[in-house]
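Here is a short report on the fold and on one residue of interest. The structure comes next.

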Amino acid sequence: MEFVAFERKLQGTGASRRLRNSGKVPGIVFAAGEPTMIELDHNALFFALKKEAFHSSVLEMELNGTKQKVLLRDYQMHPWKPLVLHVDFQRVDNTTKLRKKVPLHFSGEENSVAVKTDKCVVTHTTTEIEIECLAVELPEFIAVDLSGLVKGKSLHVSEITLPAGAKLVKHGTKDPVVVSVAEPKEEEIIVAPVAAAADKKGAKKGKK
């Protein structure tokens, strides 16, 4: 994805407030060396933030007529207004190694034995995982094929096939469940109150 940024000359709370009032968003691009202060069009940024790829892939930022590769690192929203207050980017190149959470895209669930034959209930307990890789190899998402799901067996993070060059970031010895498979609950037969009352009335008549 590409976006356009402009160099920001003025800094400080007052300058940022005036910038927001004019429909712009203050931001910063950091990397090795001095950070670059930037400003972006608010509406363009607001709608870009709604796209998954803007959060999880390397972006091309045009600044002063030149293009740079950057990664979205953070942004701040107004507590209750649909307003972006600030945005942070990291400048990257072919040698930059990073850790980033990447979304998971699931497919094939409806064709699995667990769903198609055994009518199990499948729950996606995790929708993203953290990986380590070169910035230029960062995937927009990781595809997870669920067609092999079977009853009684859940899918764990360690079982996900990662793209070439990517390494799973583990937190201790934990291997969290990504997709859980549960057997369908047996349906309970509930006797309607009217039917139950009718049965009792019939029983009383029988005694007479």
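Six strands form a closed barrel in the order β1-β3-β2-β6-β5-β4, with mixed pairing. From one strand to the next, the twist averages 45°. Helix α1 (residues 13-21) packs on the sheet and touches β2 (24-30), β3 (36-41) and β6 (84-91). The direction of α1 makes about 125° with that of β2.

This is a predicted model: local features need pLDDT of at least 70, side-chain atom pairs count only at pLDDT 80 or more, and totals for chains, interfaces and linings use all residues. Residues are numbered from 1 along each chain as its sequence is written, and side-chain values use heavy atoms, with hydrogens and water left out.

Some terms. Helices (H or I, at least four residues) and strands (E, at least two) are DSSP runs, numbered from the N terminus. Two strands pair if DSSP finds at least two bridges between them. Axes are lines fitted to C-alpha atoms, for helices over the stretch in contact, and angles run from 0 to 180 degrees between N-to-C directions. Contact means heavy atoms within 4.5 Å.

Strand β1 (residues 2-7) has these pairings:

| Pair | Sense | Bridges | Opposite residues |
|---|---|---|---|
| β1 and β4 (residues 59-63) | parallel | four | Phe3 and Met61; Glu2 and Glu60 |
| β1 and β3 | antiparallel | two | Phe6 and Glu39 |

Gln90 lies in strand β6. Gln90 is buried (under 20% relative accessible area; exposed is over 50%, partly exposed in between; 1.4 Å probe, protein chains only), at 14%. Its side chain joins that of Arg73 in a polar contact of 2.8 Å. Such a contact is a pair of N or O atoms within 3.5 Å; within protein, one must be able to donate a hydrogen and the other to accept it, and residues adjacent in sequence count only if both atoms are side-chain atoms. Leaving aside neighbours within four places in sequence, Gln90 contacts Phe30, Lys69, Val70, Leu71, Arg73 and Thr96.
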